[in-house]
Amino acid sequence: MNAGRSAVFLDEMGIGPLWRRRGMPLAEPAAPVAVAAAAAAAAAEAEPVPAPATIAVAEPFAPVVPEAPPADDVAGMDWMRLKSTVAGCVKCGLCNGRTKTVFGVGDEKAKWLFIGEGPGRNEDLSGEPFVGPAGKLLDNMLRAIGLKRGENAYIANIVKCRPTDDTGRDRPPTPEEAAACLPYLQRQIALIQPTVLVALGKTAAVSLLELGHDTPVSSLRGTVHRYAGLPLVVTYHPAYLLRNMADKRKAWADLCLATSAYASA
Ligand code: URA
């Protein structure tokens, strides 16, 4: 750093001024031996300058460098970093079988966040959550409460990669896979700041509420739970509802409960 820039830096830091001999331009610091010789010569020829009574000496200090978050600090990521981190994630074995990660979709300022289990075959191919028949039903459920995919609603999953069994069929994520992926969803929640969360099915509910995997959805319905300080309503997964049409009525009741939780939040 040249002396001019040092002066500006020291001034910015509230330290200084930089002392120099009258009439001398600011110069780069010289080597110590040269400094001693120059000082002796200068002392011999310089006009006598009365020494100040006290000399203020700046405390030696280490420059305060703001600490950058560690590269994998998901909790500090913005949307761009979070999306690219998820796209390249290798935190669990699900990365080996994926075609595309499925980050989530919708209004990034949504008041409603719907959380499913994980991508299936269609989602793995397209990179978007809930694109198959279950997705159509979910869109209808949203419409029933005046919402639309992408308008005041965001849709995400517990895991971002498709879990499959040995025969290549969809399966629920293991608790370990869910735990590995959860920080991404937590960051999505922190960035979106929704008013209400809706857990779609057992995997979403038990993962968020930290319950055993044998907890039935029916025992979690009808109560406004809390996750990260937000109201969380549990309902059936749309794929389950496609197989159990009679329970659509119960899902409607769950959406009504979520609507009232939203209204009173
Ligand atoms: N089921 C889910 O839980 N999520 C999807 O994205 C698709 C199907």
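Biologist: Where does R187 lie?

Modeller: R187 lies in helix α6, residues 175-192; helices (H or I, at least four residues) and strands (E, at least two) are DSSP runs, numbered from the N terminus. The model is predicted, so local features need pLDDT of at least 70 and side-chain atom pairs count only at pLDDT 80 or more, while totals for chains, interfaces and linings use all residues. Residues are numbered from 1 along each chain as its sequence is written, and side-chain values use heavy atoms, with hydrogens and water left out.

Biologist: Is R187 buried or exposed?

Modeller: R187 is buried and has no salt bridge. Buried means under 20% relative accessible area, exposed over 50%, and partly exposed in between (1.4 Å probe, protein chains only). A salt bridge is a side-chain nitrogen of Lys or Arg within 4 Å of a carboxyl oxygen of Asp or Glu. The nearest side chain of opposite charge to R187 is D78, 7.6 Å away; Lys and Arg count as positive and Asp and Glu as negative, with His and the chain ends not counted.

Biologist: Which backbone oxygen does the R187 side chain reach?

Modeller: That of M77, at 2.7 Å.

Biologist: Turning to α5, which of its residues are buried?

Modeller: A134, G135, L137, L138, M141 and L142 are the buried residues of α5. They cover an arc of only 160° around the axis, which puts them on the same side of α5; the arc is that of the directions from the helix axis to the C-beta atoms.

Biologist: What is exposed on the other side?

Modeller: P133, K136 and R143 are exposed on the other side of α5.

Biologist: And what covers the buried residues?

Modeller: The cover of α5 includes β2 (112-116), β3 (153-157), β4 (196-200), β6 (230-235), α8 (238-243) and α9 (248-264), where contact means heavy atoms within 4.5 Å.

Biologist: How many salt bridges does the structure hold?

Modeller: The structure holds 8. In one of them, R149 pairs with D139, the closest N and O atoms being 3.0 Å apart. R149 lies in the loop between α5 and β3 and D139 in helix α5, so the pair ties together parts that are 10 residues apart in sequence.

Biologist: Which residues are linked with that pair in a network?

Modeller: E128, D139 and R149 are linked in a network of salt bridges.

Biologist: What does D254 pair with?

Modeller: D254 forms a salt bridge with R221, at 2.9 Å between the closest N and O atoms. D254 lies in helix α9 and R221 in the loop between α7 (202-209) and β5 (225-227), so the pair ties together parts that are 33 residues apart in sequence.

Terms used
Polar contact = N/O pair within 3.5 Å; in protein donor to acceptor, adjacent residues only side chain to side chain.
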